[in-house]
Amino acid sequence: MSLRSLVVDMHHDAPVTVAEIMDNFMDHDHGPYLHKESMASSEILYRSGDTCLQKIWRTFLPGLSLGWITWFQPIPPDKVLIYSVSTLFGEMEILHQMTPTKEGAHLHSRYSLTLNLLAVPLKSLIRRRIVRWNEKLWQEDLSLLVRRNEMLRRGFKDGVGLPLARPGPT
Amino acid sequence: MTEGSRWIRFGELDEVRRAGRLARWVDNQEVLAFFQHDKLVVMSNVCLHKGGPLNEGQWDGSTVTCPWHGWRYEVATGKCLGKARCSLPAIAHKVEEGIIHVCLGPVQ
């Protein structure tokens, strides 16, 4: 591995299906709200189907957000590739791969970075930030996934809501 | 009141006072209760967009913004303030001896 390379692997399990995690990845609009602490802002520059090009301001340290141009490419049925470029840090490819498990699904996220030379001394800090960033994003996504799963189980329809309660005696 | 509807116990007024905002499932609805200007407000806690929890959203007094995708609602009426022309389902309530009861309509 070269001096400029950095690879971080993260693993998570969720009590939902692979398809539900994929749906969440393809929901490009929740970033600035659900992940507002990690993503200071995001702007969709181009969108075609589930693929999109975004400018994302990721919070690197408190009070310091860095812009990344990000290409988001779902690879159905179980992979998502995210390729980002930052003028300060270099390139970052994130491959999310999902596999079904007995309890739901397993998510393996591999962050592969090619750092700019100026960012090499920050390698260990960047690794720690990626781990923390991934954990935080995952906890936020997991809460959405679990609740959404529950909503759908109860008959929720997007844009309509839940069916009303069953009638009973007055 | 709609025919076939019924009053269901939601909880105690004191619980709402202690919690600030209290969300709880009643039958198939997640109901949110809170005080606004000393008046008890009872509304749906489920964003119509994708089902986000409104009690965890951003509250600015007269509106609430869903924490998932930013759909905004007028608290007093439940009306969605975005492009979508919709409103949260109305949930009638009454308080008897410090106990809040809510009334949910029948399945249409």
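In the predicted model, chain B follows the order β-α-β-β-β-β-β-β-β-β along its sequence, with 1 helix and 9 strands in total. The radius of gyration of chain B is 13 Å, close to the 13 Å given by the globule rule for 108 residues, so the chain is as compact as a globular protein of that length. The C-alpha trace of chain B extends over about 40 × 35 × 20 Å along its principal axes. Buried positions make up 32% of the 108 residues of chain B. Among contacts in chain B with a separation of 6 or more, 36% join residues 24 or more positions apart.

In chain A, helix H3 (residues 123–153) comprises 31 residues and spans 44 Å from its first C-alpha to its last, close to the expected 45 Å. The buried residues of H3(A) include Ile126(A), Trp133(A), Leu144(A) and Leu145(A), as well as Asp141(A) and Arg148(A). These buried residues pack against strand E1 (5–14), helix H1 (18–25) and helix H2 (31–34) of chain A. Just after H3(A), Gly155(A) adopts a positive phi of about 95°.

The largest nonpolar core contains 35 residues, of which Ile21(A), Ala105(A), Val31(B), Ala33(B), Cys47(B) and Val102(B) touch the most other members. At least two residues of this core come from each of H1, E7 (105–115) and H3 of chain A, and from each of E3 (29–36), E4 (39–44) and E9 (99–104) of chain B. The greatest contribution, 4 residues, is that of E3(B). A second, separate core of 11 residues includes Phe72(A), Ile82(A), Ile94(A) and Ile126(A). Leaving aside residues up to four places away in sequence, Ile21(A) touches Ala14(A), Val16(A), Met98(A), Ala105(A), Leu107(A) and Leu145(A).

Methods. Residues are numbered from 1 along each chain as its sequence is written. Chains are lettered from A and ligands numbered from 1 in the order in which they are written. This is a predicted model: local features need pLDDT of at least 70, side-chain atom pairs count only at pLDDT 80 or more; totals for chains, interfaces and linings use all residues. The expected span of a helix is 1.5 Å times one less than its number of residues. A residue is buried if 20 or more other C-beta atoms lie within 10 Å of its own, exposed if 12 or fewer, and partly exposed in between; C-beta atoms are placed from the backbone. Two residues are in contact if their C-beta atoms, placed from the backbone, lie within 7 Å. A nonpolar core is a set of buried Ala, Val, Leu, Ile, Met, Phe, Trp, Tyr and Cys residues joined through C-beta atoms within 7 Å. The radius of gyration is taken over C-alpha atoms; the globule rule is 2.2 Å times the number of residues to the power 0.38.
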